[in-house]
Amino acid sequence: MSGFRLETGGRIDRSQPVTFSFDGKAYQGFAGDTLASALLANGVMLFGRSFKYHRPRGLVAAGSEEPNALISVHRGPGRFTPNLRATGVEIHNGLKAFSQNRWPSLAMDFGAINDRLGMFFPAGFYNKTFMWPRSFWDRVYEPAIRKMAGLGDAPTAEDPDVYASTYAHCDLLIIGAGPAGIDAALGAMDSNKRIVLIDEQDELGGGALADPALWPWLERSVKALTEATNVTILTRTTAFGFYHDNFIGAVQRLTDHLPNVTDTPREKLWRIRAGEVVLAQGAIERPLVFDGNDTPGVMLSSAARVFANRYGVAVGKALTLMASHDSGWHDVFALAKAGVGISAIIDVRKSVDSALLHAAERLGIKVYLNHGVVGVNGRHNVSSVEICDYSDQRVHRINCDALLMAGGWTPSVHLWSHSKGSLKWRDDLGAYVPDVPNENVRCIGGCFGDWDFGTGAVIDVLPTPKDQSRIKAFVDYQNDVTAKDIKLAVREGFRSIEHIKRYTTNGMATDQGKTSNLNGLQIASSALNKPVPDIGLTSFRPPYTPQTFGALAGHAKGALFQPTRTTNIDSWAQAHGAVFELVAQWRRARYFPKAGEDMHAAVNRECVAVRSSVGIFDASTLGKIEVVGPDAAEFLNRMYTNPWKALEPGRCRYGLLLKEDGFITDDGVSARLAPDRFHLTTTTGGAARVLNMMEDYLQTEWPDLDVWLTSTTEQYAVIALQGPNARKVLEPLVEGIDLSAEAFPHMAIREGTICGIETRLFRVSFTGELGFEINVPTAYGRFIWERLMAQGAQYDITAYGTEAMHVLRAEKGFIIVGQDTDGTVTPFDAGLDWAVGKKKPDFVGKRSMARPDIVAPGRKQLVGLLTDDPNVVLEEGAQIVAYPNQPIPMTMIGHVTSSYWSETLGRSIAMALVAGGHDMMGDTLYIPMPGKTHTAKVSGTVFYDLEGARLHV
Amino acid sequence: MTRFSALSLFTKAFGGHQNWPEQWPDAAPKPAYDAIIVGGGGHGLGAAYYLAKKYGINNVAVLEKGWIGGGNTGRNTTIIRSNYLYDESAHLYDHAVKLWDGLSQELNYNIMYSKRGVMMLAHNVHDVQSLQRHINANRLNGVDNEWLTPEQAKAYCPPLNISPDARHPVLGAALQRRGGTARHDSVAWGYARAAAAMGVDIIQNCAVTGIRRGANGAVEGVETTRGYIASKRVGVSAAGNTSVVMQMAGLDFPLESYPLQALVSEPIKPTFPCVVMSNTVHAYMSQSDKGELVIGAGTDQYVSYSQRGALHIVEHTLAAICEIFPIYRRMRMLRTWGGIVDVTPDRSPILGKTPVKGLYVNCGWGTGGFKATPGAGDLLAYTMAKDEPHSINAPFNLDRFRNGRFIDEAAAAAVAH
Amino acid sequence: MILIHCPYCDEKRPEIEFANAGQAHIARPLDPAGQSDADWEAYLFIRANPRGRHHERWRHVHGCGRFFNAVRDTVTDKFETTYKAGEPRR
């Protein structure tokens, strides 16, 4: 317990106390505090446990680079968030935070046994063991390893919060509102550019927030920017990814800092397209690597300065600085000025700028040059440090309650790297800086390596007289990667930095190596005796900091995840108790159960009604394309397998569409309305694909054809009226069309009106019965449907759904593309030879049907299957064999594509794709299922009304 | 090769782990080899290992333009399964699954094959039919795969949302219990170490820049950034870069390379026990042994070698994940990455001989190559050693695009009607 | 999300308005029946898949609906140019 609130200073509002809890214990802070600063002010130094060794850990940083202080926040049911950085959580009244990865408590954690055994768990240890005895892996080792996983607890309930998203466009996007970013915004403010200024913190200022001398300037600048109408300021917003063509993803946190839960969006995703991007993300201070550098109380010197100057919190009463860089000295001077006690400055360098020495002397701070920390005492907080005089290797102790590290600076080039800008190594900084841009972007300030912190020495590990193999000098705090792990990786032959990273997991924790990557590189460089640029740099990828799934998913949730397309008649189906199924993007009525009916009973009733009287079916989901122009027939002739040019206006034709590879992709009945006008139909799922395919051929292969294609799927509601009484129901409602069999034969189309509404009336059938498909403008769909229902009441008209439709069409052997075909089926395989124009020299897919394997015997062909036991309904997808008594693996010759109970026929029927099936009529085949092998005889695919008499009444 | 074991780990610990040797030497190229593998991913390293181990060809070089395992081997979601529909695919992938089992012991390198089960979700009647067809075919092929009701699926994977009111409700699932995951990097390293111990040279930072052919057209060797290397047998296992390498031999291939993204969440305590895939909602996920949720995203729509994917792909993927597993909406995406996947017209691989004598190819694995790693390596080695394909990979020849004998798993699952 | 210039609309629009349609300048043979199996295979399936300068087709599917050609570098993903269907290869 050594941190405390300073009497004065900071940007917190001391008039607004805030009460919150950590691990169940109540604390008080002030408005403007983060969880980190408020706990520090209460003397809390222990924030968490590390991933692998469960070592006690405190704060290292004050910002989003913090690797250790990960906590969970509970905000009521479903509002549990693990792995938040305490340095980024703004406190509010009632905040409930908890430490992680410890049991039973943060102070006493049984997992810390791992630390005692740490010598047996070097990097990559898991590759070397847990292999014997072999059976133990599945049963013992792996479950045990998996139990050790993770940091925070997993959420267990659905998040009730909502998330928003938006697009934004600007001329200039500035990311980072420290002094450099603010200067850039001020400089561009007077142009007429649309400017967006983004910062991840709750207020603008960045590094200036820790420098009271800059506050007057900051206040003036923020005022000017806030008042400028062309500047949009987004705080609490993290630009997390830089994508192609200056497209930046950013997430704004809207409610987590508020005391009360609201129903407004928790976070908002901004997708920003910027003319120019200016990256002013600053730089991150590097820790130094030495034994015990993870003891709570050891932190970055810049962080101590932020805590003191921004939050009015001293991290200790007697601070010692371990520096290799001038910046730490300046931090310490600022801390002394703020009233924090400084016990010593240690610098690894033999000499430093005399101005620094004078300043230290003036403040009465003892200075040790050419010294380094070689040990830290204290388990849950620093109590003293061992320092070594490098001139004589003598070690002595300095008492302190916090140790500050100043190891130099790493420019934040993350977004620059996302944009694929190149980097160059600067030996003097020991860091990569931006070089050649790949987008319209530039880096300014700290992230360009441009700063006034002074200079420093670049070192990998602080020299120590101790046995290097016995010390724990951490590089990646969270993942417990030590310098010797990196050296071990190198010793074992891992030479690329990507290998070293993956072998040791250095830089792969939730901070993504913000404080560890460069130190890891330096250590590897020394171990390999190669300059850093020769080892490479692990690539930065989005996100800069972790981002909420919900924010990225946005409003795409539940019904809005993907719109459900419904027809104009859907509301009627809903009101009449339909059970629905999802087909492509559509919702379709599957069956209409009456009280007490299951699907089987309902479908049987619906089928019988169609066969015996009349049924009504919503076919509006069928794809529809209007094909218009002088060359329309020629175009269709080239697209479809069958001939179209001779089709008379007023007549319909079944069209079969192949892909250029010769396999069936779609089908549908289409009508010729006029010499230059066709009404095409496609499958429900194929509409967009077919239109795209036709546009492709029309625009790019045959641009000379004068044809226009228009999707009319949503323009027409389609009602199928099917059954022997269909004409009787329709006749009284239709005007201008002679419905008699002579005047209006099967496969014809007429235009007229129904109930006064203009209609395209098809006489077509997907059931084998006398049938009509009534196309009316979509808005009239339900109106006409209800008129037909009323008119049909005397014939007990029955609404049927897709399931009955499937049975009815299967009884007639009509295929469903995508069910009876699967993308590997040719027209011949499907028994649709009759739909292929024999005399046509070419159509899409024709040439492919002449390829050797397509004309070879033994292809899978569509046949009917009649089970020997008529009550057995085969499973769709069941596999078929010729010989039932084979060992596994069996030779399968096909599978069942469609299978139903046919109430009309009083038995089951099925269709199947069977190798050589067309030549197997009457043969017995076997369908081995678990526990029972069924037998069935091969038949034709038409099971009902073979001669088609019922169609032509 | 120093044998890895708990004992060696224990004894080395007392030496401060100072005495571990290199897992594989960083070899410099020799002037000539009996066989060269182009591409140091899991497949290529596996091929080198099996050439030495099973076919007695030890004088082998693996040429890797970067660092081994740095391509798709290290950039995937580590899913292993073999519940494919067609006999050819089921045999191919099950050959791999059989090799995965016991691979840790064989390589003396724990690759952490975790048989936690792979569950594929059905969201509509068509999905149910398709998965039932898979299950039936798998059963008769001796590949485990079983049907689960929504309740059984939820019992196997508690975070699953099986509400019938969901936009894409779960109607059931197919579960392959032998399916699971493995530690991807370890696979590359384990093969490299075991292969090197048998004399294989692992040569990194060595890009192939040309393929030299003799007067009779046969392969004589490869030009590289580290000089010419002679070999009459060259196997190309270069994933997204296969087209580029094949063009060096004058061969145009039926391949296109697309960016594929994947991502992980921050690590959390164990919450997700298996692998779940949904083709309809376009999502798949597992939890790594470190605790990260590992999530596969889709491919971008255009050919690219940039390894730089688009944000809207990630947005869609996370929306899909949150739809199926709503409890994770507050989880956070930690890291994303991109791979380059090479895709054939039927989305099945090409593994066999090429029209150029002495040149062999293993490519076209699309988004599914990791699971095949040991099988692909073994079969490429067989084909190179015997100069003819094994019966398992014979159907995966180049000729099928000319003849029309596709092995089109994706088309078989196509959505229509 | 890349920006694509539609040569018909003469505007740069975001990628989600467009659908990629594969390699450009692969004309359907005028006489498919006269093609050898190898030639037909090449037309259907063989693709350049270059690492670098790539001719490809796009359709402004959520815009004007037109197919057009583009030259794009597949390593940087940057467009060199886009041009209307039917114009000579660039």
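**What backs each label**

Analyst: In H22(A), the buried residues are Thr802(A), Glu803(A), Ala804(A), Met805(A), His806(A), Val807(A), Leu808(A), Arg809(A), Ala810(A) and Glu811(A). Bear in mind that this is a predicted model, where local features need pLDDT of at least 70, side-chain atom pairs count only at pLDDT 80 or more, and totals for chains, interfaces and linings use all residues. Residues are numbered from 1 along each chain as its sequence is written, chains are lettered from A and ligands numbered from 1 in the order in which they are written, and side-chain values use heavy atoms, with hydrogens and water left out.

User: What makes H22(A) largely enclosed by the rest of the structure?

Analyst: Buried means under 20% relative accessible area, exposed over 50%, and partly exposed in between (1.4 Å probe, protein chains only). In H22(A), 10 of the 10 residues are buried, so the helix is largely enclosed. The cover includes H17 and strands E32, E33, E34, E48 and E49 of chain A, with contact meaning heavy atoms within 4.5 Å.

User: And why is Thr209(B) called partly exposed?

Analyst: Its relative accessible area is 47%, so it falls between the 20% and 50% limits. Thr209(B) lies in strand E9 (residues 208-213) of chain B. Leaving out residues up to four places away in sequence, Thr209(B) touches Glu223(B), Thr224(B), Thr225(B) and Met248(B).

User: Why is H17(A) called oblique to H22(A)?

Analyst: The axes of H17 (residues 599-612) and H22 (residues 802-811) of chain A come within 9 Å and cross at roughly 55°. That makes H17(A) oblique to H22(A): under 35 degrees counts as roughly parallel, over 145 as roughly antiparallel, 65 to 115 as roughly perpendicular, and the rest as oblique.

User: Which residue classes make up the contact of H17(A) with H22(A)?

Analyst: There are 7 nonpolar, no polar and 4 charged residues.

User: How do you know that H5(A) and H6(A) are oblique to each other?

Analyst: The axes of H5 (residues 179-189) and H6 (residues 215-227) of chain A cross at roughly 45° and come within 10 Å. H5(A) and H6(A) are therefore oblique. This crossing is left-handed. On the H5(A) side, the contact includes Ile182(A) and Leu186(A), and on the H6(A) side Trp217(A) and Leu218(A).

How values were computed:
Axes fitted to C-alpha atoms, helices over the stretch in contact; angles between N-to-C directions. Helix = DSSP H or I, 4+ residues; strand = E, 2+ residues; numbered from the N terminus. Nonpolar A, V, L, I, M, F, W, Y, C, P; charged D, E, K, R; others polar. Left-handed = near helix turned anticlockwise from the far one by under 90°.
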